[in-house]
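Please look over the sequence and the structure below. A short report follows them.

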Amino acid sequence: MALFEAHELHLRFGDRVVLEDISLSFEVGRLSGIMGPNGAGKTTCFNVLTGRYRPDRGRVVFDGADITGRSPQAISRLGIARSFQLMNLFDEFTAFENVAIALPETRRRGADPIGQAYRDSALVGEAHEILVNVGLGDRAGQIAKSLPYGERRALEIAVALASRPKLLFLDEPTAGLGSDGRARLADLVRKLKGAVTLVVIEHDMEFLFSLADVISVIHWGQVIAQGSPADLRANPWVRNSNLGKLA
Amino acid sequence: MSGLPLLALERVSKIYRRGLFDRTLAFRLDVDFRIDEPAIVGVMGPNGAGKTTLFEMIAGSNAPTGGRVVVAGHDMQRVRYRERDRLAIHYHQSYQVRRFSRTRPDFMMEPAGSSYPVVHLFDEPQFNAQDGYIGFMLDFFHRLRGEGRLVFICLHPTAALHLELLRQTCERYLFVANGQARPFADFGRIISDPDVRRYLGALAP
């Protein structure tokens with residue numbers, strides 16, 4: 001079943017077409033990949049899917065409801081979380097606090113959320129469980145800005161998971177990571193697969209080919225190819241590229 | 001698209017002069033051809049010969065000095081500015097977009113009557129054999145053609161790969177040089193033309 005669908009999205013900035021015609025469908029429990037060369041429109045597409053830009057034409061449907069043009073806040077309340085290319089953490093807070101603040105129960109309580117989170121053993125337990133899930137179990141007390149880059153990425157995903165999303169968007173999760181960091185992040189994403197519906201936007205083909213159930217290739221603001229990693233790899237040009245050699 | 005040629009350039013010319021007072025000719029391009037059926041067309045020619053200018057005229061962003069560009073029956077210069085890319089879309093290389101003047105208000109002009117472009121102009125697409133995207137790009141060109149559209153791929157070959165890509169992908173060709181855009185019916189013909197061979201130099205097979 002499709003949890004999220006985009007129908008014929010078209011977006012222009014002034015005279016320039018940035019999204020020509022994008023239709024996508026993300027199935028429950030799957031990991032859907034979106035890839036494309038630099039400047040292909042991936043991040044713009046992400047921004048339309050998550051409500052930052054309103055398309056000039058086309059519809060975005062989540063869980064049966066038309067969410068086209070709704071604010072990012074309204075969309076996130078429906079159960080869509082996202083993590084960005086540029087990280088969004090409270091740098092002076094600990095890893096635990098970053099996750100605890102993002103828990104829906106903490107948010108509902110209003111004043112002094114961090115104090116509240118520390119006092120409530122259920123919240124403490126839940127925040128720790130999420131940290132353990134992303135491999136940061138032993139980093140709970142560490143200040144966010146003191147974490148190495150790769151662990152900050154993982155913490156960002158933990159913060160996104162804290163809202164218990166039905167759908168999690170990851171925008172270029174490997175950006176800035178070295179090969180070790182990528183491998184660790186791939187392990188983490190593999191672990192999340194199935195538990196939450198994932199959409200990963202990535203420039204790094206290798207990363208997506210090893211993880212995604214289905215991949216859409218975006219270029220020139222359109223979906224130029226779509227299929228499972230095996231389908232896409234069947235293309236002779238892909239087989240003969242660096243990517244094909246990894247298979 | 002019934003019966004009408006997908007694209008006709010009717011005695012199109014583009015003339016640039018040095019300046020308002022110095023009327024010395026700086027650039028001249030004369031083009032006259034039509035394409036009735038869906039196709040993938042390869043466009044080659046030296047830098048500065050007018051490949052991009054040709055694409056701009058087809059896309060309607062650059063007005064010819066003389067003649068008409070007609071896409072699916074529409075004279076491009078009479079179509080509303082914002083709707084011209086519904087007929088012919090120019091995928092620019094990098095982000096350099098040249099701006100052109102608008103002389104008439106949109107309400108005086110014709111609607112495009114199309115929601116997805118009929119003519120697709122790919123200006124120096126980045127073909128990198130290492131990354132595998134080429135395969136998806138080529139499939140996409142074939143898909144557009146299969147849907148009844150007209151695809152142009154402009155390339156200034158700098159490697160044997162580029163020529164091979166054109167040979168495998170394109171059904172007809174244009175060679176833009178010396179102020180003209182000369183059509184060729186197939187790869188064999190374009191590749192045996194003496195001007196083209198001189199232009200390709202060591203790449204000529």
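## Model and confidence

This is a predicted model. The model scores are ipTM 0.90 and pTM 0.90.

Chain B has an average pLDDT of 91, and 95% of the residues score at least 70. Among the elements of chain B, strand E4 (residues 66–71) has the highest mean pLDDT, 98. Helix H3 (residues 160–169) of chain B has the lowest, 92.

## Helices H7 and H8 of chain A

Helix H7 (residues 149–162) of chain A packs against H8(A) at an angle of about 20°. The axes of H7(A) and H8(A) lie 10 Å apart. The angle makes H7(A) roughly parallel to H8(A). The crossing of this pair, H7(A) and H8(A), is right-handed.

On the H7(A) side, the contact is made by A:Tyr149, A:Gly150, A:Arg153, A:Ala154 and A:Ile157. These meet A:Gly181, A:Arg184, A:Leu185 and A:Leu188 in H8(A). The contact of H7(A) with H8(A) divides into 5 nonpolar, 2 polar and 2 charged residues.

## Helix H3 of chain A and its partners

Helix H3 (residues 95–102) of chain A packs with helix H6 (residues 121–133) of chain A. The angle is about 115°, and the axes of H3(A) and H6(A) are 9 Å apart. H3(A) passes H6(A) in a right-handed crossing. From H3(A) come A:Ala95, A:Phe96, A:Val99 and A:Ala100. They meet A:Leu123, A:Ala127, A:Ile130 and A:Leu131 in H6(A). This contact of H3(A) with H6(A) has 8 nonpolar, no polar and no charged residues.

H3(A) also packs with H7(A), at an angle of about 25° and with the axes 7 Å apart. H3(A) and H7(A) are therefore roughly parallel to each other. The crossing of H3(A) and H7(A) is right-handed. The contact takes A:Ala95, A:Asn98, A:Val99 and A:Ala102 from H3(A). From H7(A) it takes A:Leu155, A:Ala158, A:Val159 and A:Ala162. By class, the contact of H3(A) with H7(A) has 7 nonpolar, 1 polar and no charged residues.

## Where chain B meets chain A

How many residues of chain B are in contact with chain A? There are 18, and they are in contact with 18 residues of chain A. On the chain B side, strand E6 (88–91) and helix H2 (133–146) of chain B are the elements that give two or more residues. The largest share, 8 residues, comes from H2(B).

The side of chain B that touches chain A has 11 nonpolar, 4 polar and 3 charged residues.

Definitions and conventions:
Residues are numbered from 1 along each chain as its sequence is written. Chains are lettered from A and ligands numbered from 1 in the order in which they are written. This is a predicted model: local features need pLDDT of at least 70, side-chain atom pairs count only at pLDDT 80 or more; totals for chains, interfaces and linings use all residues. Axes are lines fitted to C-alpha atoms, for helices over the stretch in contact, and angles run from 0 to 180 degrees between N-to-C directions. Helices (H or I, at least four residues) and strands (E, at least two) are DSSP runs, numbered from the N terminus. Angles under 35 degrees count as roughly parallel, over 145 as roughly antiparallel, 65 to 115 as roughly perpendicular and the rest as oblique. A crossing is left-handed if the near helix is turned anticlockwise from the far one by less than a right angle, and right-handed if clockwise. Two residues are in contact if their C-beta atoms, placed from the backbone, lie within 7 Å. Ala, Val, Leu, Ile, Met, Phe, Trp, Tyr, Cys and Pro count as nonpolar, Asp, Glu, Lys and Arg as charged, and the others, Gly among them, as polar. pLDDT is the predictor's confidence in each residue, from 0 to 100.
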